[in-house]
Amino acid sequence: MDIFGRLTIESLPFYSAIAASGAAVTVLGALSVAAVITYFGAWRLVVFQWLSSVDHKKIGIMYIMLALVMLVRGFVDAAMMRSQQAIALNSDGYLPPGHFDQIFSSHGTIMIFFMAMPFLSGLINLIMPQQIGSRDVAFPFMNAVSLWLSTAGAALVLISLVIGKFSTAGWTGYPPYSGLEFTPGVGVDYWIWAVLISGFGSTMTGINFLVTIIKCRAPGMTMFRMPLFTWTVFITSVLIIFAFPALTVACAMLALDRTLGMHFFTNGMGGNMMNYINLFWLWGHPEVYILILPAFGVFSEVVAVFSQKRLFGYISLVLATMAIGLLSFTVWLHHFFTMGSSARVNSFFGTMTTIIAVPTGVKVFDWLLTMYRGRIVFKPPLLFTIGFLVTFVIGGLSGVLLALPPIDYLMHNTTFLIAHFHNMIIPGVLFGYLAGYMFWFPKAFGFKLNEKWGTRAFWCWIVGFYVAFMPLYVLGLLGMPRRMEHYEIAAWQPHLIVAAFGAFIILLGMICLGVQLWVSIRDRKEALDLTGDPWNGRSLEWATSSPAAPYNFAVLPKVECRDAWWDMKQRGVAYQRPEKYEDIVMPKNTFAGAVIGAAGFAFGFAMIWWIWWLALLSLAVIGAAIIVRASNDDDEFVMPASEVKAIEDARFAQLAKAPKNAMEGEPGFAGQPAPEPAA
Amino acid sequence: MSSAATMSVSTRDTERYEEKDFGFWLYLMSDAVIFACLFATYLVMVGNAAGGPVPKDVFSLNRAAAETALLLLSSTTFGIAAVSLWAGDRSKVLLWLAITFLLGAGFIALEFSEFSGMIAKGAGPDRSGFLSAFFTLVGTHGLHVSVGLVWILVMIGQVFAKGLTAPVASRLMRLGLFWHFLDIIWVVIFSVVYLPGLL
């Protein structure tokens, strides 16, 4: 066999203008990032402060940067699909079928695995350790490995635009179509290895967050004093640890079928393709709760802070989160009622699916009642929350409809389903993450995002969402199947044109997000957050400076009740200078995480193209990196008390200059005084 | 560094080991779900021989019994290594780790001969759904044992080079968890795969 496996010069995308321009954009994007870093002379900074970092805050920021890049890529896919379907009545449109299929496959894959997962890992990394009063996550090095494995997976999806083709089997990769017999070539392999490699990263992330929450809480931070965001992270981590193995097994078996000619899911020779679909959704349904629970956590924080009122029904929110976590493992079969299980099996899963709406409903009422009689300040994060509350309920209702097996038989694989899950995921997951992004941005960078452009982004997103997806409900009822490259039914076209117009409005929302970031960086001096508490916050992440010091807390906070930071401000013990500082033990930076990520990428690439020597070599590199790292007992350093004191002195000097409270003068400000900083 | 700081650093070390142990337990639980999925798949596919060999044709009770004996014995010898670790006896730790390694390597050698014999007889993993499921389930366990063998070698090296320091001891305890976990998985493989296939 050739040393490049099945990789040949024909794998380059010169066969079609559209594929070549996609590749060109990808390559130019990578080159322009390199050019910008060179222009600012920032290579040293990027390599030694970021690539090798094990700081949870920097890792969080890198995760979110990855997520935003992939959000753009996934959105381009969506816009291409909507414009194709708007014109493809009795015509081929501008995308040939094979290309259209790659686009819907990569859109789903990117949005779930490489936009939503990194976005949530990023927000959690950035905030959760600060919320529980910890100096870092439990395993800072493993955190870096997770980040770089996720990045390796994302890089595999991106490079499939340049070398070879991506999967045409949808983001779920159902066999037997995704098997070697019906889909030879590298597309499905790109999908498998991107998902597998990032999946390992996600599993480690879940373990890391769970140990952090159980073991690293500040003194007095009992479980039932934890902020709700941390609670949702706790449940999400449990779900990650127990659900991701099913995805790993399903994808690994599909890879064995495709690479070694096994018969797990083949059409003959004793294969059982429904086993794949069971395993996939055994992960897939918990996965939607993995995505949405942290978003629920963000909404819980945002709604309390901007209603300037204690979160209503804290205990019921925690219990509802637990109930959702448990029930999420009992509903997977509703993704394939049409498999033809007995009526008894289908009714069990239909019933469980209906039941899961109950704890979610509890949450919606809790958020509404938090706002009731609150002094509401309509900042962009709260706008996204209100948009979520209204829109998510509609998606939930369509979900309860689909939970009834007889109705599902009619709606299965129609655009009604597409409308339903986008109705959950865009207002639920994405609005939550965007709210968190705008809410916690000052904590990460020390200045606030522009509110005018944030509000504009919100209105474009919410209006665009309704215009783009409500027609899909109608189309589903008219019988339009999902994933149509062209169609002959004229009645569908008006709805598809409206939906494409909705996608255009969402494009304006994307542009607003970009402009917001640009304007905010340009005008950052006017929106500096000097106190570290720009919204008059309630939980401990607002006790640190913005951006937080490398160790977060010079002295670990003592927690006495829920809303710990609010309580400290009320008791007048916030911003107190400790009598003396102590040495702080910190993890050392290391390149081992980035090396493992790079080798993970090389391994995936080698497995996709059957370049066996490279696969063995990269595995050996990963093994060597782990062994060297595991034999190193000198992975920490002590930051001396004098250095801590210098950092903290600078912070108190800044506090003395800061206005008393950033929210002062806002309409409806509740007047919670932030005490004078002790000079 | 002041003595107070030294003390707080060393309590911190103990906490760090507890965190690592707990994290490792979570990893094992996650791995157990992987095996659960593989067992479920095997049970679904055990009848799908596609006209090829069925379990009775390819399994050997003697070899399965020998594999079981080697692996169970290696769990015991690892236990003795752990007891020697508590006693602080470095050379005994090295000795019993080496014996554990040999027993584990013997298990892998037996499994290797079983697999290669089956493939030579035309009963490889590409023959039928049943054989795909068998090779993947038992092979995944074998892959874990092989990783465990490399880990034992690394730990022998660390005990040799660093002595029984606190970090080395903490790693040895986690290696023990891993090794005994693989033993339990093997007991389930024996009871779910080999015994019903032969009886």
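**Notes on the two-chain model**

1. Q308(A) sits in the loop between α8 (273-307) and α9 (314-327) of chain A. Helices here are DSSP runs of H or I with at least four residues, strands are runs of E with at least two, and both are numbered from the N terminus. Q308(A) is not a glycine, yet its phi is positive, about 50 degrees. Its relative accessibility is 11%, so it counts as buried (buried is under 20% relative accessible area, exposed is over 50%, partly exposed is in between, with a 1.4 Å probe and protein chains only).

2. Some ground rules before going on. This is a predicted model, in which local features need pLDDT of at least 70 and side-chain atom pairs count only at pLDDT 80 or more, while totals for chains, interfaces and linings use all residues. Residues are numbered from 1 along each chain as its sequence is written, chains are lettered from A and ligands numbered from 1 in the order in which they are written, and side-chain values use heavy atoms, with hydrogens and water left out.

3. R483(A) is another non-glycine with a positive phi, about 60 degrees. Its place is the loop between α15 (451-477) and α16 of chain A. Buried or exposed, or something in between, for R483(A)? R483(A) is partly exposed, at a relative accessible area of 31%. For background, most residues other than glycine have a negative phi, and most peptide bonds are trans.

4. One joins P175(A) and P176(A), with omega about 5 degrees; P176(A) belongs to the loop between α5 (140-159) and α6 (187-215) of chain A. Another joins S546(A) and P547(A), with omega about -10 degrees. P547(A) is in the loop between α16 (493-522) and α17 of chain A.

5. Helix α17 of chain A covers residues 564-571, and six of its eight residues are buried. Which ones are they? They are A564(A), W565(A), W566(A), D567(A), M568(A) and K569(A), so if you look for charged side chains among the buried residues of α17(A), D567(A) and K569(A) are in the list. G572(A) comes after α17(A), and its phi is positive, near 75 degrees.

6. T415(A) is in helix α14 of chain A, residues 415-445. With 5% relative accessibility, T415(A) is buried. What does T415(A) touch, leaving aside neighbours within four places in sequence? It is in contact (heavy atoms within 4.5 Å) with L472(A), L475(A), G476(A), M480(A), P481(A) and R482(A).

7. Cysteines next. A search of the whole structure over all chains turns up zero disulfides, a disulfide being a pair of cysteine sulfur atoms within 2.5 Å. For C251(A), the closest cysteine sulfur is in C37(B), 12 Å away, which is too far for a bond. C251(A) is buried at 0% relative accessibility. C216(A) is buried too, with a relative accessible area of 15%.

8. Chain A as a whole has 20 helices and two strands. Its radius of gyration is 25 Å, close to the 26 Å that the globule rule gives for 679 residues, so chain A is as compact as a globular protein of that length. The radius is taken over C-alpha atoms, and the rule is 2.2 Å times the number of residues to the power 0.38. Along the principal axes, the C-alpha trace of chain A spans about 75 × 55 × 50 Å. Of the 679 residues, 58% count as buried. Take the contacts in chain A between residues at least 6 apart in sequence: 83% of them join residues at least 24 apart.

9. Chain B has six helices and zero strands. Its C-alpha trace spans about 75 × 30 × 25 Å along the principal axes. Of its 199 residues, 48% count as buried. Among contacts in chain B with a separation of 6 or more, 80% come from residues 24 or more positions apart.

10. The accessible surface (Shrake-Rupley, 1.4 Å probe; for residues, only the protein chains shown count as cover) is about 25,500 Å² for chain A, with 71% belonging to carbon and sulfur atoms. For chain B it is about 8,600 Å², with 73% belonging to carbon and sulfur atoms. Lys and Arg count as positive and Asp and Glu as negative, with His and the chain ends not counted; the place of a charge is NZ of Lys, CZ of Arg, CG of Asp or CD of Glu. In chain A the mean positions of the 41 positive and 38 negative charges are 7 Å apart. In chain B the mean positions of the 12 positive and 13 negative charges are 5 Å apart.
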